[in-house]
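Dear colleague,

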Amino acid sequence: MTLNRQMLTPNKSDKSGRNYASLVLLGDVHFGSDYCNVQKFKEMVKYCTQNELYVFLMGDMIEAANRYSVGSGVYEQKHPQDQVDGVIDILSPLVDKKLILGCLTGNHEDRITKATGIDITRYIAKSLSIPYLGAAGWSLFYVGKQSYTLYAIHGSSSPRHKHTKIKAVLDVSSIFPADIVAMGHVHDLDITSGERQYVDRKRKTVYNRRFITLITGHYLNYDGYAKGMGFEIGKQGSPKVKLFAEEWDIHPSL
């Protein structure tokens, strides 16, 4: 597995003067769906571009429904080529400022792969010249004197309730003990945090360090398949994480 290494420039400071870089986990847009909140998606991209926030794409960026998909999504979407072209156009301002750190594929893009053998996310990533990690992968981010690990996964489980969604991402975190574990797919926004013990072999000491898990939101209005299946209404949007430069510290927010 390839490690995605990126150098992030700290360009913000908090009230105490500590410098940091901000990372936004953006996914489950389902661009092209009749239920996609396109305006909110565009506003998020504009916000990140104007404020120079780094972005990691979590998958399901396009709807990509076909006749084998669950529900009637194939009849409730834009033309697939318009979906691909549209999402590339919308994300381009972030690319121009070198703010997209990587991307995942999602189960919706995987529909195209299963039907045709073509990995459409790989095509989108190549068009944008951004790192492609597949369905899940590790990233290492350097911010000033500090380094932070991210394990990002689109996800495949279908929990209906908040506590089962949280359990799903915590289960991933127990296997992949990164500083930040991010999971999409479940169409909700949530943050949990905890501490793990690590051994410093050089100093021969044991120390505690904070970690966070994120459920990374979505951009679908509540209707169609989700409404018909009785799923809970999940909060739209994307979480943000501050990564501090002088001392190791992470501050997540919704």
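A residue is called buried under 20% relative accessible area, exposed over 50%, and partly exposed in between, with a 1.4 Å probe and protein chains only. Please keep in mind that this is a predicted model, in which local features need pLDDT of at least 70 and side-chain atom pairs count only at pLDDT 80 or more, while totals for chains, interfaces and linings use all residues. Residues are numbered from 1 along each chain as its sequence is written, and side-chain values use heavy atoms, with hydrogens and water left out.

The structure contains 11 salt bridges, a salt bridge being a side-chain nitrogen of Lys or Arg within 4 Å of a carboxyl oxygen of Asp or Glu.

In one of them, K114 pairs with D110 at 3.7 Å, N to O. These two residues are 4 apart in helix 3 (residues 107-116), and therefore separated by about one helical turn; helices (H or I, at least four residues) and strands (E, at least two) are DSSP runs, numbered from the N terminus. K114 is exposed, at 70% relative accessibility, whereas D110, at 27%, is partly exposed.

Another salt bridge joins R18 to E247, with the closest N and O atoms 2.6 Å apart. This pair links distant parts of the chain, 229 residues apart, with R18 in the loop between strand 2 (12-13) and strand 3 (19-26), and E247 in the loop between strand 11 (240-244) and strand 12 (250-253). E247 is partly exposed at 41%, and a network of salt bridges links R18 and E247 with D14 and D249.
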